[in-house]
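Hi,

Here is the structure I promised to pass on. Have a look at it first, then read my notes below.

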Amino acid sequence: LPNTLNMSFPGLDGEALLIALDLAGVCCSLGTTCASGAAEPAPILVAMGLEPDLYRSAVRFTLSFLNTFDDVDEASRRIASVVSRLRNS
């Protein structure tokens, strides 16, 4: 999907990242859409041969037609800040 981005942040726990991003005002989900709500790793990420560190730290971002370039820039800044903070703690 052209409006969906799945990113991994090696060395970080996906659930901790999800919570920290939520607190920073960035909405995202864990894993992939095919695994929404599942406790197991996303089957597609495993099938792609990703290392566990990558699929355990994967988060999914989805944009809508209502999002602006400024929204994306701000979300990028917040994501970078949260990832940096989590990696340094």
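A quick definition to begin: axes are lines fitted to C-alpha atoms, for helices over the stretch in contact, and angles run from 0 to 180 degrees between N-to-C directions. Helices (H or I, at least four residues) and strands (E, at least two) are DSSP runs, numbered from the N terminus.

This is a predicted model, where local features need pLDDT of at least 70, side-chain atom pairs count only at pLDDT 80 or more, and totals for chains, interfaces and linings use all residues. Residues are numbered from 1 along each chain as its sequence is written, and side-chain values use heavy atoms, with hydrogens and water left out.

Now the helices. The axes of α1 (residues 14–23) and α4 (residues 69–88) come within 10 Å and cross at roughly 130°. That makes the two helices oblique to each other (under 35 degrees is roughly parallel, over 145 roughly antiparallel, 65 to 115 roughly perpendicular, and the rest oblique). On the α1 side, Ala16, Leu17, Ala20 and Leu21 make the contact (heavy atoms within 4.5 Å), and on α4 it is Arg78, Ile79, Val82, Val83, Arg85 and Leu86.

Then there's an open sheet of three strands, ordered β1-β3-β2 with antiparallel pairing (strands pair if DSSP finds at least two bridges between them). β1 (4–8) and β2 (29–30) are at the edges with a single partner strand each, so one side of each has no neighbour in the sheet. Five bridges join β1 to β3 (residues 58–62), and serine 8 sits opposite alanine 58 in β3.

Cheers
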